[in-house]
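This report covers one structure, shown here with its sequence. Short sections follow.

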Amino acid sequence: MLVQMNSDKNIKVNIFGTDYPLKVNANVEYVKRIAEYVDAKMREVQAAKPNRPLHQIAILAALNITDELLHQKEAQKKRHINFENKVKSLTEKLELGIKESSE
């Protein structure tokens, strides 16, 4: 988990105009990049839906970020399956080649 109650690293990030003091167990620059990303996503939602209350902007931004994450996971899963299929195919060809050369 990124944010911890018992961490020794204290930082402050600003998201959508509000400062959040955090105790983290990760690289500080990494956490700052995450906060900047969340801030940018919230600003995108606000630009598209300017009259939404803050909590709705936050929820819509979270949904958009989750959508990106799940698309990335699905793409990674497909790449992994394709890789496994290629390895299986090459293994079968090698085994066939070895069998034919020994006959």
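## Val28 and its contacts

Apart from neighbours within four places in sequence, Val28 is in contact (heavy atoms within 4.5 Å) with Lys9 and Ile11. Val28 lies in helix 1; helices (H or I, at least four residues) and strands (E, at least two) are DSSP runs, numbered from the N terminus. Its relative accessibility is 25%, so Val28 counts as partly exposed; buried means under 20% relative accessible area, exposed over 50%, and partly exposed in between (1.4 Å probe, protein chains only).

## Basis of the model

This is a predicted model, in which local features need pLDDT of at least 70 and side-chain atom pairs count only at pLDDT 80 or more, while totals for chains, interfaces and linings use all residues. Residues are numbered from 1 along each chain as its sequence is written, and side-chain values use heavy atoms, leaving out hydrogens and water.

## The hairpin

Strand 1 (residues 9-15) and strand 2 (residues 18-24) run antiparallel and are joined by seven bridges; strands pair if DSSP finds at least two bridges between them. Asn10 has Lys23 in strand 2 as its bridge partner. Two residues separate the strands of this hairpin, and Phe16 in the turn has a positive phi of about 55 degrees.

## The nonpolar core

The largest nonpolar core has 12 residues, among them Ile11, Phe16, Val24 and Val31. Such a core is a set of buried Ala, Val, Leu, Ile, Met, Phe, Trp, Tyr and Cys residues joined through side-chain atoms within 4.5 Å.
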